[in-house]
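Colleague: Hi! Could you walk me through this one? I'm new to it.

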Amino acid sequence: MANLFLSPHKIITGKNALESAGALVKKLGSKALIVTDKVMVSTGNVTKLTKILSDNDIKYEVLDAINSEPTDEMVYQGVKMYGQTNCEFLIAIGGGSPIDAMKAIGAMTTNSGSLSSYMGKELENLPPNLVAIPTTAGTGSEATQFTIIADTKNNVKMLLKGTGLIPVLAVVDPALSVSAPAKVTAATGIDALTHAIEAYTSRKAQPLADTFAISACKRIFANLRKAYLDGGDFEARKEMSIASLEAGIAFNNSSVTIIHGMSRPIGALFHVPHGTSNAMLMGECLNFAAAGAAGRFADIAKAVGFYQEGMSDYEAAKELVKESIRLCKDLQIPSLEEFGIDRKEFYDNIDKMACDALESGSPGNTGRDVSKDDIVEIYKRLWE
Ligand SMILES: NC(=O)c1ccc[n+]([C@@H]2O[C@H](COP(=O)([O-])OP(=O)(O)OC[C@H]3O[C@@H](n4cnc5c(N)ncnc54)[C@H](O)[C@@H]3O)[C@@H](O)[C@H]2O)c1
Ligand SMILES: [Fe+2]
């Protein structure tokens, strides 16, 4: 089978990536809409960016109204601002939320109708040039054709897609993630690990993406604990920033599977940060998936050093699952109950969540068939 492989046109990684980006950004237009959040303003990351824009004679407007759950309403606000201030391209600086918001704003400047009308369809018209500058190591959104926006009417996280949503330039500068609090480091790091494991074990896995997925797993198991325990560990931050990008490239081409499918409904209804809900599901979902793709899970176990002489593929796969659960525990990721979710309210919503999970299409990429009953059963087991 032939495989199409997509990635950003240009990627800058490593120390001083942001400083090096000025000349490339200048080629994209003379005025940018910067999409960000208030934390990025207060940490000084936005000032670092605007200084580089000014040094390169690039004008800008700042939209800092994005919070950790970008909604359709925020997107429409951004579209209006983009048009009214005559911007020519967009730059997002922040975690996955500002990057996703920027993509949707860009898309809605060139595609008509409502955001929700594009669910399950491709966003056809190309958006203006998009530049992504991630500050979490995390979502990999700087390398993907996806954006996840909350539909405020229907309480659903919409997964929207279009190859034009892949930023033309990704600036992955580890210095920007040093200020991320430990909780954010933990949740976003597990999001990246989930992308890598799901991409590699997906039914849509492909050789080029495999390379990125395995490399991301190695970096994450070797560095996430370090970055969590000491946010100032620059080497660990650098490795995590590359891992997150690699994992993003991997799942952009191979897709995600059951964890992401089941995680979005928890996020939409109970406002759990995306990486945290992935972590809550990790043990149960990986155990389920490993039974159908033991060889692929074993490949990862071997690459990251969890395989021991004489183990069967299934034993190696279980070792990977065990170590992934241990990592989530070490990062002190809360359970649903510890997060403060009411058990009855959760149970009352299981049917809707299972339908939404299946409808997203992600569970269908898992290495074994997933039924609605399987999903319901896993949601229930999260409380045992
Ligand atoms: N498009 C994709 O391919 C894709 C993939 C996975 C997740 N997502 C989406 O990404 C979003 C989550 O992104 P996220 O996990 O990066 O979180 P986020 O962008 O919501 O940020 C979480 C919090 O951390 C803060 N923060 C971010 N960087 C910081 C820094 N360097 N210093 C201090 N504080 C910092 C933010 O201000 C925010 O309060 C979700 O909406 C999820 O659905 C998208
Ligand atoms: Fe994710």
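Predicted model: local features only at pLDDT ≥ 70, side-chain atom pairs only at ≥ 80, totals over all residues.

Colleague: Thanks! In what order do the six strands of the open sheet come?

Modeller: The order is E1-E8-E5-E4-E2-E3, with parallel pairing. E1 and E3 are at the edges with a single partner strand each, so one side of each has no neighbour in the sheet. From one strand to the next, the twist averages 15°. Strands (E) here are DSSP runs of at least two residues, helices (H or I) are runs of at least four, and both are numbered from the N terminus. Two strands pair if DSSP finds at least two bridges between them.

Colleague: And how many bridges join E2 to E3?

Modeller: Five, and the two strands run parallel. In that pair, alanine 32 stands opposite tyrosine 60 in E3. Helix H5 packs on the sheet too, touching E2, E3 and E4, and its direction makes about 155° with that of E3. Such angles run from 0 to 180 degrees between N-to-C directions, and the axes are lines fitted to C-alpha atoms, for helices over the stretch in contact.

Colleague: What about E8, which way do its residues point?

Modeller: Leu169 and Val171 point one way from strand E8 (residues 169-172), Ala170 and Val172 point the other way, and all are buried. Buried means under 20% relative accessible area, exposed means over 50%, and partly exposed is in between (1.4 Å probe, protein chains only). In a regular strand the side chains alternate between the two faces of the sheet.

Colleague: Which strands does E8 pair with?

Modeller: Strand E1 (residues 10-13) pairs with E8 in the parallel sense over four bridges, and threonine 13 stands opposite valine 172 there. Strand E5 (residues 130-134) is also parallel to E8, over two bridges, with leucine 169 as the bridge partner of valine 131.

Colleague: Back to H5. What span should its 13 residues have?

Modeller: At 1.5 Å a residue, H5 (residues 72-84) should span 18 Å, and its end C-alpha atoms are 19 Å apart, which agrees. The expected span is 1.5 Å times one less than the number of residues. Its buried residues are Asp72, Met74, Val75, Gly78, Met81 and Tyr82. They pack against, among others, helix H6 (96-110), strand E6 (146-151) and strand E7 (156-161).

Colleague: How do E6 and E7 pair, parallel or antiparallel?

Modeller: Antiparallel, over six bridges. One of these pairs phenylalanine 146 with lysine 161 in E7. Their hairpin has four residues between the strands, and asparagine 155 in it takes a positive phi near 55°. Five of the six residues of E6 are buried.

Colleague: Changing topic: which residues are the protein donors of the iron ion?

Modeller: For the iron ion (ligand 2) they are Asp191 (OD), His195 (NE2), His260 (NE2) and His274 (NE2), lying 2.1 to 2.2 Å from it. Donors are N, O and S atoms within 2.8 Å of the metal (3.2 Å for Na, K and Ca), and water is not among the atoms, so sites may look incomplete. Aspartate 191 lies in helix H7 (residues 182-201) and histidine 260 in helix H10 (residues 258-270), so the pair ties together parts 69 residues apart in sequence.

Colleague: Is histidine 195 buried or exposed?

Modeller: Histidine 195 is buried, at 2% relative accessibility. Its place is in helix H7. Not counting residues up to four places away in sequence, histidine 195 touches Gly138, Thr139, Ala247, Phe251, Val256, His260 and His274. Contact means heavy atoms within 4.5 Å.

Colleague: Last one: where is leucine 327?

Modeller: In helix H13 (residues 313-330), and leucine 327 is buried with a relative accessible area of 0%.

Definitions and conventions
Residues numbered from 1 in each chain as written. Chains lettered and ligands numbered in written order. Heavy atoms only, no water.
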